[in-house]
Amino acid sequence: MALSNRIRGVSKAPVFLGLFLILCLAGPRGARAETGGADYAELKADAEAFFSDRVTPFIQTYCISCHQNRRPTQAGVNFSPALKDPSHAAFHDQWKRGVAKVKAHDMPPQGAPQPSDADREMFSDWIAKLKYLSEKDPGRFVIRRLTKTEYGNTLRDLFGVEPSIADGLPDEVSGEGYLNSLSPLQLEHYLTIADQVLDRIVAPEDAAPTEVQKRLFGEPAAPESGSREAARDIARSLAKKAYRRPPTEAELDVLVEAFELGRQNDLGYEPSLHLMLKGILVSPQFLFITPAGEVESSTGIVPLDGYQLASRLSYLLWATMPDDELMALADSGTLHEPEILEAQVKRLLMDRRSRALFDGFGAQWLGVGRLENQVFDPAVFPQMTPEMREAMYDEARLFFESIVRENRSVINFVDGDYTYLNETLASIYGLEETVAGPEMRRVQLSDGNRGGVLGMPGVLAATSFPNRTSAVKRGVWVLEQVLGDHVPSAPPNVPALEEQDQGTVANLSLRERTELHRTNAVCANCHQLLDPIGFGLENFDAIGRWRDRDGNGEEIDAAGELPGGERFSGPEDLKAIIAGRSDDLARNLVEKLLAYALGRRLEGYDEIVVDELMQVIAGDGYRMQTLVNAVVSSYPFTHRRIEEERSSNEKERSD
Amino acid sequence: MRKSALIDRRACLKGLGVSLALPLMDSMGWADTAKGQAYKPPVRLGFMYMPHGVIMDQFWPADAENFLSSPLPAFESLRPVLDQCLVMKGISGVPIAPFNGAPHALELSTWLTATLPAADKRSEIHISISADQIAANHVGAFTALPSLELATMPQNWKENQEGLNEGYYSHCSYRSPTQVVPAEINPRNVFNRLFREPERNGDGREATRANALDRSLLDIVLGGARDLRRTLPSSDQRKLDEYLDSVRSVERRIAAIEYRQKEAALEKAGVRASKRHASDSPPIEIKIPEGDKRSEYMQVMCDLNVLAFQTDTTRVSTYIGSRPNGASYPELGFSDQHHSQTHHQNRPGMVAKVAKITEFNIAQFAYMVKKMHGLREADGTLLDNCIMMWGSGLEDGNEHTRENLPFVVAGSGGGAIKTGRYLPDTKGNQGDLLTTLLACAGIPLDRPVGIATKQFEEIKA
């Protein structure tokens, strides 16, 4: 917030709108401190009154004549429904954009009646109150399919097979905005994989059954003794594991029917059980996380049942099915209790399976997930071997895990003074004399420029071009991934200075060239924020090695000043400034983790949830386990809103 | 870390000639020869994609007259079949407001839908059924696979533009407004999917039995899923409908495989079930490349597409030759990313790289259609009975313009399209083009595709 608030002060000239606007969007975050202990109902009432007394007349006077219920709407913006239901998530972006446009004097358009500066300011400031209009709401929640990773891990836990058995499934984007659909292609794979699982766990005919077989199906029965009833009992225990909740009687009927299908086709007792298991593995109850019982009301907000909560928790922290202990707590109906939930969060995080939280969330957050396939110019960086990339990824992972498992402050992500190295990676740090061998081990760092994600080779490499550094990419990365600001893409018709015409700028250093950004009003707004941060990290080359001179032999000048006047002379100083923004750091991580946990963007009431979580987290020194626990026990994580689909919308779209 | 998908690609498929020496399924939908008419092969429809647009003055032919005689370098690879091609200028893309900041998330997702995502549900997938899937709904029932979706790279690029669901970035096929169709990137899986019940050994009878059992099992599971559906709130029901739809589709596919197995058995027994033309070319051979050279990899995907069409295993395909962002072309001698080069500001070095990348992509498309041209089918070639569309979702990557989207159509769709021409002044949008191509493929349409308002009569024969 501090950075983006500051920039508002300096951008008075007419500037490229998008950049200006979106940087202003961080505005509402500025209001977060107000919530401390304040009565939410009071704030809500105040926001409502303000909306009807001030905002509504403003819209009606200056906006509605163009942006109303009439086709075509101007620029796709329609305030008629937004006035009736201002807090609806669908209008969130519209409000934010509208405020930004008004603030930038871009709207109302020239020639139309203009609001006074005071009114304009009132309208701009109002956006901070928007969140208080939201009803208490956990957000829409639809049953979801297991991701490719979750599916593979679940098969591992159920049958002891390698999760790689799922490798043939199509790749998918996970986390926030998770692509949660199912296609025939996937179903074909599920059918094939079910066969492969059976092939691996079932012993050949005449051979003794495998341990897994015995565990799943019990001791082998004499061929004729296996009855329908016995099959039903086995179905009950198999389905409870595979469906991650007790099956209903109707669901057991279906499975017994699958068993009978085998019998009718002259399969023996055991092979018929196998067919039944195959049926389980292609059932929606296995492939999706489904509620344990029928939901009473067809619409409304309900707490997750214990089994759903167990699954949600387990898939978040372990990317796999709940284990016996979680299932027992779901059985007893106590998982919702705060102390029990907290203890489980701690237990899950301390378990090595919580590596999944890094692979699924942390790697994406830090950007090191793309290192494996990122292109580096082999002529310039022959060091970027598969071993090096893996070591860089592991360094980030082990560092992340240390903060999680040692319950450190999340500020350590920036100011940590240790890391994990093996011999390969130590060469990047110039520590190859002290670290030998291929295993990663913890190393205490004495160089203040290193330590934390800003001086971490994997992160520095992931934000570089194939053959050199990118101050802009690094600046964007720090703002977005560390401080949680949103930086818009450069407009297409603005010269990318990274790719500047070599002829005219040949005599300038990269820094001088990039500084041209700031002489151009269109670019200046963002770049006066991005570039100093990026240049503050210029002492690290494109794969994270320390250097005093750049590729052209020019001396690196890593000193800079942020728009607010804070000065730094190099990475160590910059790290200290960023680490000082503890609230922004922690809030960014909460927002990203909550969005990941919910599998959707944050909106509306979520802002209030985050405000509340921040109180708790800040009150405990920003400790990581506290942060995870806050997310897991949050209202939207433990509840769901179910709703009838809005059919009117559907109709509108099909017109 | 995820293991590279390349490992599988290096594997070699063996024994292919044998398993494919099968009659094709003309009796399942090819023209009715029972009445003694000459059979007319079905029309196949294929789409191949390249992101980020082209270098305009190196793509658009100088004039209509010299289109065939002196093609630009971009079209050099197509020269042998240029008379089977149609190039059109003047076809605009969907205007992307209010998503002005999402040019790349929208170039692929609007390409075959000619529709924008729903603004109020932007974080979910909510767009409309794509042209290929409309076609698959009509002709998919005749073949073992309703449609085939291929891609060169994993479809997991993560980049948030305008709050749009990341899935929009790397998917062009939508079965319904809310359901993406993922693509296969592994040639071996594609091959298994097309021609073999995967991992199922043993003789034919056993395979048929296993298929029948699978189908019955799916029936039972489907019944259970319907029960479950009744207990869920309606938003969840929607999600489950995708599952139900997928199960039904797989059942139908297994039925088609069973049918083919029966046909094969009859053939073996000396009963000639096939009504194919005696002079038709035998199925082409597939060789999975050893290395990870992009051209070889794309060509094996093209081969699989050709084979799928040639054997009438499917009649509809999409091939996302490259995805928006994150792609580079080391094979061309430079490591820069395609996307960053397209913002070239008219600098010669970068312009040349983009032109080279475009040439490369068109060459892969040319490889595919030339192969089709070399295969005899009925009285002509396989290409004669195809409509193969190559294109991009932007005209100019530098400025993100969409005024004149680049499209090349190869094949006349059984004589429906008049090829061998450059139409410099086609007036309309990409929906019009998709609507026209579907119509030329004989797909009955109850409404136009996306923003279409008409058909391009001028491209028809």
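Which are the buried residues of H11(A)? The views below take this up, starting with how to read them.

**How to read the views.** This is a predicted model, where local features need pLDDT of at least 70, side-chain atom pairs count only at pLDDT 80 or more, and totals for chains, interfaces and linings use all residues. Residues are numbered from 1 along each chain as its sequence is written, while chains are lettered from A and ligands numbered from 1 in the order in which they are written.

**View 1. Helix H11 of chain A, residues 249–264.** Helices here are DSSP runs (H or I, at least four residues), numbered from the N terminus. From first C-alpha to last, the 16 residues of H11(A) reach 22 Å, close to the 22 Å expected at 1.5 Å a residue (1.5 Å times one less than the number of residues).

View 2. The buried residues are A:Glu251, A:Val254, A:Leu255, A:Ala258, A:Phe259 and A:Gly262. Down the helix axis they fall within an arc of 140 degrees, so they line one face of H11(A); the arc is taken from the directions from the axis to the C-beta atoms. Turned away from that side are the exposed A:Glu249 and A:Gln264. Buried means 20 or more other C-beta atoms within 10 Å of a residue's own, exposed 12 or fewer, with C-beta atoms placed from the backbone.

**View 3. What follows H11(A).** After this helix comes A:Asp266, with a positive phi near 65 degrees.

**View 4. Helix H18 of chain A, residues 386–405.** Its 20 residues reach 28 Å between the first and last C-alpha, close to the 28 Å expected. Just after H18(A), A:Asn407 has a positive phi of about 50 degrees.

Methods: Helix = DSSP H or I, 4+ residues; strand = E, 2+ residues; numbered from the N terminus.
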